[in-house]
Amino acid sequence: MVHQADTPDDSTVPRHTRLFRRGSRYYLRVKVPVDLQSAMGRMEIKWSLGTSDAREAERRIKFESAKADAIFETERAKLNGGKTKGNGDREAHRMPLRILSQEHAQEFARTWFLQLDRVEKEWWENTGRSLKKADTEETLSNLWHIKASITGEAPDVIPPEARSNGRGEVALFLASHDWSIREDEPGYGLLCAALREARLESVRRAMDRIEGNPFRCYDPLFLESSGAPSTGRQVLEMTVKTLGAKFIADQERAKKAPKTIFAYTIHARLLCEIVGEETSIHRVARPDVEKVCEVLETMPSNATKRYPGKTVHEAILAAKKTGDTSRLSVNSRRNYFFNLFSIFQYAVKTKVLAENPFDDYWLKQRFTPSTNEQNPDDTVTFTTAQLREVFAAPLYTGAKDDESGFAKPGPNIIRRGRFWVPLIALFHGLRLNEICQLYTQDVRIVEGELAFEVRPFLDRGEAHDKRLKNKASTRTVPVHPELLKMGFAEFVECRRNDKESPRLFPELRSAPKSGSYSDPFSKWFTRFLEKTLGEKPRATFHSFRHGWRDALREADVSEERVNKLGGWAHQGQHARYGRAKLLQLLKVEIGKVRFAGLDLSHLYSPQRK
């Protein structure tokens, strides 16, 4: 007779037919097959799952249900004349074990690991602590050999043919539980792999215990064991969306550039769209990463703007239908892939994930093109003819204004950001954002020379939003003689007298989302080039930096000094120079930047001609 309390409300009925709740506890209940009821003397079997948590019960019921089936198969074998423990055939008495899935195999692995770890702890408390040094070293050596046989980390000591394939672990596991499984069973390989990881985790923790190392969980699959800082289920169920949010939050705490944060946000959002934001990070595997790769290689460029309201897959289909062949650039695809790699690597470093699914040699190679496959626009420079046209545009010879009328001839040469920024890049090789974010105090007399102070701070520690690419970017660059002839020193002095804004180019604004000053200027400069040259060239604003570096090399300036002026790493012996001597050397070198066939004398200020 079934009591009313045995039947939960419809709203709480679990999906698994053998799972039921009585009060606050969950149980397995299954009817005994009709042909076994007489032999077993009962009509159903029932036992507690040892939990009052619905989600945990759903997880345990699969394992317990398999045990019930194994009991039925054993009883049926007895009825069919199978040998039993009574006639000496122990193997026939063992309960057959069936592995239904990888998760099912991992359940057995967790159970076995807890047993192994408990035995190791008891040995350590009762025997290990009092071992002599020689015995301790021998024990560690034995454990290391077991670990190496599983990981393959010492092929010169343990050859590949001697590595553990998991069969030994399965044999140990079955012997301790009186179960059996045939090697031709579909789930045998899954059990081998899971139990190898269980033994490896046990061995690693045992070695840490002996060596006096603090507790560490190497594989989050086994975080449920005692001593873990949090419950394994909490960690195991971290979703792709949650991982992205935690990673980005840590990047913000580390004060990474808003542009960098914005890029990570966009890339994490794409990952959620492809694999599912509620997908557990432990379920993301190589096939999922391959899907991401396929999307990166087929999605149209600027998909969000050009296909508003569509998912990435819908945008790809729409692009195919309309014959849209625009795709993400080589650099964009590479940035997407390696940013996603970084997000999952964060999970590995914080011990939430054992392995990074994006850490795959062949997939990384797919997004790390060889030198011959590099985007040709990465190092393209302006031709002399293009430079002549750029600096003969109305903006430099007379325009209506330097805003919407920059391309219309007029009486005004307005020397503000749009006038000076390209010239600074041409002669000094500064990055676009480094120029746009300059304050007036960043251009000053240093050791008797007017120079740009490229730095991530201000004189008195005032608040600012300046960002540099890396540590090597901090540098002092003397102002080129050509800019002095154009009246740049007078422009800076004029800006210093402006009490409303401390910026050198206050009219230049940062992008609302990324916080970068370079984004809006870069978009404007692309339009400027199209208007000036009549078409969109391969060259971009960054091409000024490539051309500047080429000019220094053509002038036989040493690579060390080029790196010092350009803010690249490997600046060599210059660390031993005093600042005054170094500035004099760099002033001479910057003065060697010339572009044959380019005459900019029409930009000289009257008093400098």
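Begin by selecting helix α21, residues 488-496, whose buried residues are Phe488, Phe491, Val492 and Arg495; buried here means under 20% relative accessible area, exposed means over 50%, and partly exposed covers what lies in between, with a 1.4 Å probe and protein chains only. Helices (H or I, at least four residues) and strands (E, at least two) are DSSP runs numbered from the N terminus. The model is a predicted one, in which local features need pLDDT of at least 70 and side-chain atom pairs count only at pLDDT 80 or more, while totals for chains, interfaces and linings use all residues. Residues are numbered from 1 along each chain as its sequence is written, and side-chain values use heavy atoms, with hydrogens and water left out.

Turn the view so that you look down the axis of α21: its buried residues fall within an arc of 100 degrees, so they line one face of the helix. The arc is taken over the directions from the helix axis to the C-beta atoms.

**Stepping back**

Of its 609 residues, 44% count as buried, and residues 24 or more positions apart account for 63% of the contacts with a separation of 6 or more.

**Aromatic pairs**

Select next Phe525 and Phe541. A search of the whole structure finds 35 aromatic pairs, and these two residues form one that is edge-to-face, at 5.2 Å centre to centre and with 80 degrees between the planes. Phe525 lies in helix α22 (residues 518-533), whereas Phe541 lies in the loop between α22 and α23, so the pair ties together parts that are 16 residues apart in sequence. Phe525 is buried, with a relative accessible area of 1%, and Phe541 also counts as buried, at 7%. For such pairs, rings of Phe, Tyr and Trp (its six-membered ring) need centres within 6.5 Å, and planes under 30 degrees apart count as stacked, over 60 as edge-to-face and the rest as tilted.

**Charges over rings**

Move to Trp568, where Arg549 lies over the face of the ring at 3.8 Å from its centre. A second example is Phe20, with Arg29 over its face at 4.5 Å from the ring centre. The criterion is that NZ of Lys or CZ of Arg is within 6 Å of the ring centre and within 35 degrees of the ring normal.

**Salt bridges**

Side chains of opposite charge can pair when their charged atoms come close. With a salt bridge taken as a side-chain nitrogen of Lys or Arg within 4 Å of a carboxyl oxygen of Asp or Glu, the count comes to 38. Select Arg366 and Glu297, whose closest N and O atoms are 2.9 Å apart. Arg366 is partly exposed at 36% relative accessibility, and Glu297 is partly exposed at 32%.

Arg182 and Glu185 form another salt bridge, with the closest N and O atoms 3.6 Å apart; Arg182 counts as exposed, at 54% relative accessibility. For a network, select Asp442, Arg444, Glu453, Arg455, Asp459 and Lys466, which are linked by salt bridges.

Go on to Glu559 and Arg553, a salt bridge whose closest N and O atoms are 3.5 Å apart. Glu559 is partly exposed at 37% relative accessibility, and Arg553 is partly exposed at 40%. Asp556 is found in the loop between α23 (543-554) and α24 (559-566), and has a positive phi of about 60 degrees although it is not a glycine. Most residues other than glycine have a negative phi. Asp556 counts as exposed, at 70% relative accessibility.

Asn302, in the loop between α11 and α12 (303-306), likewise has a positive phi, near 50 degrees, and counts as exposed at 51% relative accessibility.

**Last stop: cysteines**

Finish with Cys192, buried with a relative accessible area of 5%, and Cys217, buried with 7%. How many disulfides are there? With a disulfide defined as a pair of cysteine sulfur atoms within 2.5 Å, the count comes to zero.

Methods:
Contact means heavy atoms within 4.5 Å.
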